[in-house]
Amino acid sequence: QVQLVESGGGQVQAGGSLRLSCQSSRSLPGLNAIAWYRRPPGKFREFVARLDRGGVPSYGDSVKGRFTISRDSTGKIIDLQMNNLRPEDTATYYCKALTLRVDEYWGQGTQVTVSS
């Protein structure tokens, strides 16, 4: 089992920044990857960012250049730094862990609201 807890969500005005954190019960070296997804209101869930066990990041097209995913020294906290936020970034953000067995675990989500 992998337990994931997201935090850092809130409301911010357009152009501002917000930092989300995903706390994992298992460190990244013991996982294949940790990723962030989001579901905007009335839309499908979409990929935001991913960090594999080797530390290689990848990003969805809509956030590339604005968001940065990173890990702390323990490998159990995965941050998503969000800059230049837009109203279109309003969504519930979810953390997902992929185990070495390719099992998926999801956090409960944290709400981000960007106002104009």
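Hi everyone, let's start in a loop: asparagine 84 is found in the one between β8 (77-82) and β9. Strands here are DSSP runs of E with at least two residues, numbered from the N terminus. Before going on, a word on the source: this is a predicted model, where local features need pLDDT of at least 70, side-chain atom pairs count only at pLDDT 80 or more, and totals for chains, interfaces and linings use all residues. Residues are numbered from 1 along each chain as its sequence is written, and side-chain values use heavy atoms, with hydrogens and water left out.

Asparagine 84 has a positive phi of about 50 degrees, although it is not a glycine. Most residues other than glycine have a negative phi. Is asparagine 84 buried, partly exposed or exposed? Its relative accessibility is 47%, so it counts as partly exposed; buried means under 20% relative accessible area, exposed over 50%, and partly exposed in between, using a 1.4 Å probe and protein chains only.

Now a second residue with a positive phi. Valine 102 lies in the loop between β9 and β10 (104-106), and its phi is near 70 degrees. With a relative accessible area of 55%, valine 102 is exposed. The C-alpha atoms of valine 102 and glutamine 81 are separated by 26 Å, and these residues are 21 apart along the chain.

Let's move on to the strands. Two strands pair if DSSP finds at least two bridges between them. An open sheet of four strands runs in the order β1-β3-β8-β7, with antiparallel pairing. Why is one side of β1 (4-7) and of β7 (67-71) left without a neighbour in the sheet? Both stand at the edges, and each has a single partner strand. For β1, four bridges join it to strand β3 (residues 18-24). Leucine 4 stands opposite serine 24 in β3.

Next comes strand β4 (residues 31-39), where seven of the nine residues are buried. Eight bridges join β4 to strand β9 (residues 91-99), and the two run antiparallel. Here alanine 35 stands opposite lysine 96 in β9. β4 also pairs with strand β5 (residues 46-52), again in the antiparallel sense, over six bridges. Tryptophan 36 has alanine 49 in β5 as its bridge partner. The hairpin of β4 and β5 has six residues between the strands, and in it glycine 42 takes a positive phi near 75 degrees.

Let me finish with glutamate 6, whose place is in strand β1.

What does the side chain of glutamate 6 reach at 3.0 Å? One answer is the backbone nitrogen of glycine 109. The backbone nitrogen of glutamine 108 also lies 3.0 Å from a polar atom of that glutamate 6 side chain. Leaving aside neighbours within four places in sequence, glutamate 6 is in contact with several residues, including Trp36, Tyr94 and Cys95; contact means heavy atoms within 4.5 Å.

Technical notes
Polar contact = N/O pair within 3.5 Å; in protein donor to acceptor, adjacent residues only side chain to side chain.
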